[in-house]
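Reader: I am new to reading protein models. Could you take me through this one, step by step?

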Amino acid sequence: MELVVASAVGVLTSGGVYLILRLRSFPVILGLALLSYAVNVFLFSSGRFAIDQSPILSPYGDASYTDPLPQALVLTAIVISFGMTAVLVMVGLGAYLESDDDRIDLGRPDTEADAEDAPR
Amino acid sequence: MNHWIIAPVVLPALLAPLIAFVMRHDISVARAASVAGTLALLAISIGLTVLAAGGETHLYRLGDWPAPFGIVLVLDRLSALMVLLTSTLATIVLIHAIATGWDARGRHFHALFQFQLMGICGAFLTGDIFNLFVFFEVLLIASYGLMIHSGGRERMRAGLQYVVMNLAGSTLFLFALGTLYASTGTLNIADLAVRVAAIPAEEAALVRVAAILLMIVFAVKAALFPVQFWLPATYSNAPAPVAALFAIMTKVGAYAILRINTIAFGPGIEGTEGLTGTWLFPAAIVTIAVGAFGVLGARRLMPLIAFSAVGSMGTLLVAVAIFSPEATTAALYYIVHSTFAAAALFLVADLVMSRRGGDALVAIPATAQNGLFAALFFAAAIGMAGMPPLSGFLGKLLVLDALRDPGQMAWAWSAVLIGSLLTIVGFARAGSTLFWKATAMPARDPATYSDIAPARPAEIVPAMAAVAALAALAVFAGPVSRYLEGTTAQLFDRTGYVTSVLGQDGED
């Protein structure tokens, strides 16, 4: 179980880091989504693994239980990263439609020629 | 339990949806509600500052669950000071945005503005590190909307970069929190202080990893080298009033570094002592250099100011990195100063740019009220560069005075002093190109420029208020620094913080 989770986090993170270093906005958005999956799995495992246990302390005997707090943290993180990805897609779409180009870098806005197009 | 402590979070949180859903079709109603809400926030934060001035740490337990099981808000002198700074800046920026009509150039400015205030105030007040993450996300998601307010090609592309950078930062924040929870089993800051202190040095490797990850996350927010590169592009392409409001956002990062590394990983804790400062100090020195060279090389006004903001964050973080009471007092003074200095520059730049029709640093014939804008720009630039008589000089003096350790003195003094010199040169060159050379050129044909009216008093007053805040900070430097010394003493009193949050049985 440890091996599966650890390699899942590792593969997702490395894929995500590779993709956010790309030049086009679509791979970058996918990369951030992969990173957020990786961090969700990572957070989930931060409370130690307790397979097939309920997240409730049992008053009857010394039955072990799984830590409920990471589950709550993951739920918050999932909601936030889901919303953020939606915002990111909309901003990326807006930038693409405004400039007919989905490159993620800015070029050189500090030159005189581009200064004419600079926002006011 | 004083319920006013949560008011700076609840008030904007209730007002923002009301503005977005009920007042979306009438900008004047939205303006009135937004100004009233921000003024109420200012009044509340003054009240909280008076409450906290007694030196007691006030606790607000949400749902009355005892810490560390429930989420708590903590009001001490530092968080009260930061909330007061936020609401003062917000009032100035909001009046400027309304007077210049920026808020009507896109949709939902006021709703996003209030959500932004909610996130910032929450981040300053919270006593729980996961809650800090949530408030970071609230302030970031509002800032994404404000950053691309009114659109445009360059602004949308810079906005996309800004969002990507901060989403990567948020992911890193979650990794840090996961590591911290796995190694300590808590996310309450006071409880963290107890648990981390109990970990022996040889077993603290995971905690040290988490501490460094957290420092990187906050460094992204605070624009520290090598993760400062998003700031110039973002600030120079954001609407100028939004850039002025963003002056407080870098301070959220500095505040978080200060808070976490004094309470949880602070001096005297065996496992993590001196860890953050070791990395923070050289990075801050390089940040000063990046800011100074950027100011010198900028060919547009907005990047020039953005780079000077990077440089001021460098000076601030040099003082933060020492984690001694004197240096922290200097850092707190510099936080207040550099917030108003950056805001004043962005507001003046907005007035100048809207009359010149762009922010390129080239000489064009003088526009209306050239002398007035030159004077305002001069005053704000003096404040930012750190020359007397404004508070920048005193702030840098305090920072230099606190850095007397032989190992750090040579690096810090030369970086701050040479950086200041380069900043002065950059601002002098920009100011003379913008305002001085303009008077030597043939006057404009009044017929072609008749559409540009002289600035109304309401447009100039906010920029003047920001400059006046710098002057007041210099005049009342004595009382202010005495108050800040008390703030620092409270911040470094870890036992006091832990006892007030966890109760008398805080050792458990």
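Reader: What share of the 508 residues in chain B is made up of buried residues?

Author: First, the ground rules: this is a predicted model, where local features need pLDDT of at least 70, side-chain atom pairs count only at pLDDT 80 or more, and totals for chains, interfaces and linings use all residues. Residues are numbered from 1 along each chain as its sequence is written, while chains are lettered from A and ligands numbered from 1 in the order in which they are written. A residue is buried if 20 or more other C-beta atoms, placed from the backbone, lie within 10 Å of its own; it is exposed if 12 or fewer do, and partly exposed in between. For chain B, the buried share is 61%.

Reader: And what percentage of the 120 residues of chain A count as buried?

Author: Chain A has four helices and zero strands. Helices are DSSP runs of H or I with at least four residues, strands are runs of E with at least two, and both are numbered from the N terminus. Of its 120 residues, the buried part is 29%.

Reader: What is the radius of gyration of chain B?

Author: Chain B has 19 helices and two strands. Its C-alpha trace spans about 80 × 60 × 40 Å along the principal axes. The radius of gyration is taken over C-alpha atoms, and the globule rule is 2.2 Å times the number of residues to the power 0.38. For 508 residues a compact globule would come near 23 Å, which agrees with the value for chain B, 22 Å.

Reader: Which element gives the largest share of the side of chain A that touches chain B?

Author: Two residues are in contact if their C-beta atoms, placed from the backbone, lie within 7 Å. The contact takes 34 residues from chain A and 38 residues from chain B. On the side of chain A, α2 (25-45), α3 (68-99) and α4 (112-115) each give two or more residues. The largest share, 14 residues, comes from α3(A).

Reader: How many residues on that side of chain A are nonpolar?

Author: Ala, Val, Leu, Ile, Met, Phe, Trp, Tyr, Cys and Pro count as nonpolar, Asp, Glu, Lys and Arg as charged, and the others, Gly among them, as polar. On this side, seven residues are polar and five are charged. The nonpolar residues number 22.

Reader: Which helices do the buried residues of α16(B) pack against?

Author: The buried residues of α16(B) include B:A412, B:G419, B:F427 and B:F435. Their partners, also in chain B, are α11 (275-297), α12 (301-322), α13 (325-356), α14 (370-385) and α15 (391-402).
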